[in-house]
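Here is a short report on one protein chain. Please look at the model, then read on for its surface, fold and backbone details.

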Amino acid sequence: MSETVKVVVDAMGGDNAPAEPVKAAVEAATQRQNIQVILAGRKDVIEQELAKYPDYPRERISVYHASEVIETAEPPVAAIRKKKDSSIVAGMNLVRRQEADAFVSSGSTGAVLVGGQVLVGRLKGVQRPPLAPLIPTQKGVSLLIDCGANVDARPSHLVQFAQMGSIYMEHVMGIQKPRVAIVNIGAEEEKGNALVKETFPLLKACEDIHFIGSIEARDIPAGGADVIVCEAFVGNVILKLYEGLGGTMISMIKEGMMGSARSKVGALLVKPALKETLKSFDATRYGGAPLLGLRGLVVKTHGSAKSTEIRNAIFQCGQFREQRINEKIGDFLVKAVSPEEKSL
């Protein structure tokens, strides 16, 4: 039997709290015997939601009272400092004190990023922890790193992102020698902005990753690389366009199929195959975006996340724990010296 994994879920974070986080906790603990969930937030509100599930596994779901909530619009640093009894701060402190293995939140992205670095803390050797979601592609999934944590990254940061991303894809997704590419406006090495031009030769010289060069945005959905490296501004634009275009295409396909009697008949014939295809492009299947390079596991889900995404993020934490991803990243970075450092 797999070892027990304790996951703190921010029951007050996100557009659909507390209903969806609580539902996700019940589903996760019911479906997997090795999962223990601690719901952080206002006890009376959480218990009222839990009462909707009379048969939930009480021995594996507990409530940790936190009286405050950090709202999305609040300045992250100030919120973390002032709201010490918020669900985000309380949950991350449980991870910091090693009373829990992981923290999952649909709440304020800024607060989660700040709290991850300040409260949970970085692994030794990590310069900047990146947010790294799995995105669906024609060949399976790719890791987009960074998608929101470090807007003004340096070349050495991108090299670390590539290294951490490779470890993730090899040990969590089982991809041997994952292909690493840097997002660029062309395939030629001389193309790109100053950051890309400076980073490219460093990645090329990095012997511990399988660097394949540049990748253009249009090649990402086809699965052109396993690890897609970029700074957070570019990564966030790619992620949001990905999600928006996917939703629009699905809506247009449904509308087109219902346009006439003939198309409705055709829709009935193709529905099973189409449903399965669209399912493979559902990003919620893969959980949330982990903040890699911390001393504990922190996973950020969408602000609008429903129970499916949050539940899968909880399962994701179990995978991380089982594969000892943080330990592997930490061990690697202690031994590794970046190409940039070698050239000094």
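## A nonpolar surface patch

Which residues make a nonpolar surface patch of about 420 Å²? The patch is made by L241, L245, M249 and M252. The model is a predicted one.

M252 is a member of this patch. M252 sits in helix 8, which covers residues 232–257. The relative accessible area of M252 is 52%, so this residue is exposed. The cut-off for exposed is over 50%.

## Overall build

The protein contains 12 helices and 11 strands. Its radius of gyration is 21 Å, close to the 20 Å that the globule rule gives for 344 residues, so the protein is as compact as a globular protein of that length. The C-alpha trace spans about 60 × 60 × 45 Å along the principal axes.

Of the 344 residues, 49% are buried. The accessible surface is about 16,500 Å². Carbon and sulfur atoms hold 53% of that surface. Take the contacts between residues at least 6 apart in sequence: 72% of them join residues at least 24 apart.

One pair of residues gives a sense of scale. E198 and G244 are 46 residues apart along the chain, and their C-alpha atoms are separated by 31 Å. E198 belongs to helix 7, residues 194–205. Its relative accessibility is 45%, so E198 counts as partly exposed.

What is the sense of pairing between strand 1 and strand 2? These two strands pair in the parallel sense, over six bridges. Strand 1 covers residues 5–10 and also pairs with strand 4, in the parallel sense over three bridges. Strand 4 in turn pairs with strand 11 (residues 297–300) in the parallel sense, over four bridges.

Individual residues trace these links. V8 stands opposite I38 in strand 2. The bridge partner of V8 in strand 4 is F103.

## Enclosed elements

Strand 4 runs over residues 102–105. A102 and V104 point one way, F103 and S105 the other way. Are these residues buried or exposed? All are buried.

Strand 2 covers residues 35–41. Six of its seven residues are buried, so strand 2 is largely enclosed by the rest of the structure. The buried residues in helix 4 are S87, I88, V89, A90, G91, M92, N93, L94 and V95.

## Positive phi values

Where does the backbone take a positive phi just after helix 4? The residue is Q98, with phi of about 60 degrees. That is a positive value in a residue other than glycine. Q98 lies in the loop between helix 4 and strand 4. At 73% relative accessibility, Q98 counts as exposed.

R324 is placed in the loop between helix 10 (307–323) and helix 11 (325–335). The relative accessible area of R324 is 31%, so R324 is partly exposed.

## Cis peptide bonds

Which residues flank a cis peptide bond with omega near 0 degrees? The bond runs from A17 to P18. P18 lies in the loop between strand 1 and helix 1 (19–31). Strand 1 is the strand that pairs with strand 2 over six bridges.

The peptide bond from I145 to D146 is also cis, with omega near 20 degrees. D146 is found in the loop between strand 6 (140–145) and helix 6 (155–171).

Technical notes: Residues are numbered from 1 along each chain as its sequence is written. This is a predicted model: local features need pLDDT of at least 70, side-chain atom pairs count only at pLDDT 80 or more; totals for chains, interfaces and linings use all residues. Side-chain values use heavy atoms; hydrogens and water are left out. Patches are made of residues with over 30% relative accessible area and no salt bridge: like charges are joined within 9 Å, nonpolar side chains (Val, Leu, Ile, Met, Phe, Trp, Tyr) within 5 Å. Accessible areas come from the Shrake-Rupley method with a 1.4 Å probe; for residues, only the protein chains shown count as cover. A salt bridge is a side-chain nitrogen of Lys or Arg within 4 Å of a carboxyl oxygen of Asp or Glu. Buried means under 20% relative accessible area, exposed over 50%, partly exposed in between (1.4 Å probe, protein chains only). The radius of gyration is taken over C-alpha atoms; the globule rule is 2.2 Å times the number of residues to the power 0.38. Contact means heavy atoms within 4.5 Å. Two strands pair if DSSP finds at least two bridges between them.
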